[in-house]
Amino acid sequence: MKHIRDAEEIYRELRSGFSRGQEDRAFVLLHRSYCLLLLGEPEASASEAHLLLEEQPGTHYARSAAVLLDFL
């Protein structure tokens, strides 16, 4: 789990480096949400996934976020 925690921390740091609506930010939000889910933090995971859905509706990132939310 240490590798997942390390990845989550990196994604958290990267998140602020991109503007809303950027594709790279969507990638970071999705992967951070997945890490948080694996770390047993469903509320934080859902928050990232919902933010992604708000920022990138209709994209493959949004579809992936919706699937992730189904797991929650």
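This is a predicted model: local features need pLDDT of at least 70, side-chain atom pairs count only at pLDDT 80 or more; totals for chains, interfaces and linings use all residues.

**Entry 1, a helical pair.** I began with R12 and E8, which both sit in helix α1, four residues apart, about one turn of the helix. Helices here are DSSP runs (H or I, at least four residues), numbered from the N terminus. The side chains of R12 and E8 meet in a salt bridge at 3.3 Å, N to O; the term asks for a side-chain nitrogen of Lys or Arg within 4 Å of a carboxyl oxygen of Asp or Glu. E8 is buried at 1% relative accessibility, while R12 is partly exposed at 41%. My cut-offs were under 20% relative accessible area for buried, over 50% for exposed and partly exposed in between (1.4 Å probe, protein chains only).

Residues are numbered from 1 along each chain as its sequence is written, and side-chain values use heavy atoms, with hydrogens and water left out.

I found ten salt bridges in the structure. E48 and R32 form one, with the closest N and O atoms 3.3 Å apart. That pair links distant parts of the chain, E48 in helix α3 and R32 in helix α2, 16 residues apart. Both E48 and R32 are buried. I also saw that R5, E8, R12, R15, R32, E41 and E48 are linked in a network of salt bridges.

Which residues touch R32, leaving aside neighbours within four places in sequence? I listed E8, Y11, R12, R15 and E48, with contact taken as heavy atoms within 4.5 Å.

I counted one aromatic pair. The rings of Y11 and F27 have centres 6.5 Å apart and planes at 70°, so the pair is edge-to-face. The rule pairs rings of Phe, Tyr and Trp (its six-membered ring) with centres within 6.5 Å; planes under 30 degrees apart are stacked, over 60 edge-to-face, the rest tilted. Because Y11 lies in helix α1 and F27 in helix α2, the pair ties together parts 16 residues apart in sequence.

I placed G17 in the loop between α1 and α2. G17 counts as exposed, at 61% relative accessibility. The C-alpha atoms of G17 and P42 are separated by 24 Å.

Notes:
Helices (H or I, at least four residues) and strands (E, at least two) are DSSP runs, numbered from the N terminus.
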